Amino acid sequence: MAAVTEVALWRRLLAELVGSAFLAAAVVGSGIAAQRLSPGNVGLELFENAAATAAALFAIISAVGPVSGAHLNPVVSFVDAAFGGISWRSALAYLPAQVIGCSAGAAVANLMFSRAAVSLSTRHRASGAHFLSEVVATIGLLLVIFALTRSGRSRSAPAVVGAYIGAAYFFTSSTSFANPAITVARMLSNTFAGIAPESVPIFVLAQVVGAALAFGLIKALYPGMTAALAANVVVPHPAEGRGPVPAANDALTAARGPNGFKDSP
């Protein structure tokens with residue numbers, strides 16, 4: 001694949017804002033719909049919420065990924081910056097775009113179902129089990145994303161990330177928020193997908209801890225993770241401010257020695 005060219009920061013921020021808004025609208029909106037379609041059946045409500053979120057992630061990452069990489073998540077942006085995939089300036093700029101986008105998406109979802117645009121959730125989720133679940137969910141998400149990049153399969157990210165989040169809705173007690181921006185946004189909807197404001201800090205802290213642990217695991221598991229490879233997180237997209245960045249397969253080929261695949265020492 002030929003190298004791609006730089007995309008202006010404002011376009012990347014717009015992509016992150018729009019993608020984050022649609023993500024939150026999908027999470028909150030499908031939660032409200034599930035409550036109305038399957039009242040009293042929590043298992044079915046969760047399945048409907050998870051299925052809609054997984055499908056939406058596939059579509060949203062496919063739509064905005066070619067512009068910004070479709071991080072849609074501050075922990076993804078900051079871990080990517082730590083590996084040199086994007087600049088710290090961009091990661092810091094992505095943060096408000098992601099939070100504002102998710103918050104706007106949650107408000108729109110409320111309005112689409114004839115609810116107040118903002119209604120603070122009363123759903124308490126803060127416990128030791130929830131904290132552990134969010135650490136695990138965040139580690140898993142980041143491992144999946146960076147493993148795809150390291151192996152040159154970033155173009156599979158829309159399907160794989162959607163599948164992971166859909167599954168993690170069920171194998172974690174927290175239903176796998178794994179995203180500080182969506183955590184803040186879900187506070188704004190007193191519905192099935194909501195989270196009480198007082199539960200938000202423990203979730204965000206767990207996500208930050210998970211991101212730090214994931215960074216160490218990624219370095220240990222994939223020592224050949226270069227800035228050129230990290231630049232393709234979540235999906236291959238144009239470079240920023242340092243000239244063209246090769247696609248994942250090109251960067252992977254460059255990392256191979258004369259005897260085939262070889263990690264950096």
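Predicted model: local features only at pLDDT ≥ 70, side-chain atom pairs only at ≥ 80, totals over all residues.
Residues are numbered from 1 along each chain as its sequence is written, and side-chain values use heavy atoms, with hydrogens and water left out.

**Overall fold**
- The protein chain comes to ten helices and zero strands; helices (H or I, at least four residues) and strands (E, at least two) are DSSP runs, numbered from the N terminus.
- Buried residues make up 55% of the 265 residues in the protein chain, with buried meaning under 20% relative accessible area, exposed over 50%, and partly exposed in between (1.4 Å probe, protein chains only).
- Take the contacts (heavy atoms within 4.5 Å) between residues at least 6 apart in sequence: 78% of them join residues at least 24 apart.

**The cavities**
- There are two cavities of 30 Å³ or more in the structure. On a 1 Å grid over the protein atoms alone, a cavity is a set of points where a 1.4 Å probe fits but cannot get out, and lining residues have an atom within 4 Å of a point.
- The largest cavity has a volume of about 230 Å³, where a volume is the space filled by probe spheres set on the points, and grid points are joined across faces, edges and corners.
- Of the 22 residues that line the largest cavity, Leu23, Leu57, Asn73, Ile165 and Asn179 are the closest to its centre.
- Helices α1 (9–37), α2 (42–68), α5 (128–150), α6 (157–171) and α7 (180–186) each supply at least two residues of that lining.

**Valine 27**
- Valine 27 sits in helix α1 and counts as buried, at 4% relative accessibility.
- Leaving aside residues up to four places away in sequence, valine 27 touches Asn49, Thr53, Tyr169, Ile182, Arg186 and Ala193.
- From valine 27 to leucine 57 is 30 residues in sequence and 9.7 Å in space, C-alpha to C-alpha.

- Over in α4 you'll find alanine 91, buried at 0% relative accessibility.
- Alanine 91 touches Ser77, Phe78, Ala81 and Ile86, again not counting residues up to four places away in sequence.
- Alanine 91 and serine 77 are 14 residues apart in sequence and 5.3 Å apart in space, C-alpha to C-alpha.

**Helix α8**
- With 22 residues (200–221), α8 reaches 31 Å from its first C-alpha to its last, close to the 32 Å expected at 1.5 Å a residue; the expected span is 1.5 Å times one less than the number of residues.
- Val200, Phe203, Ala206, Gln207, Gly210, Ala211, Ala214 and Ile218 are the buried residues of α8.
- Seen down the axis of α8, these buried residues fall within an arc of 145°, so they line one face of the helix; the arc is that of the directions from the helix axis to the C-beta atoms.
- The buried residues of α8 pack against α3 (74–82), α5 and α7, while Pro201, Ala212 and Ala220 are exposed on the other side.

Notes:
1 Å grid on protein atoms, 1.4 Å probe; cavity = no way out; pocket = protein on both sides within 12 Å on 5 of 7 lines; lining within 4 Å.
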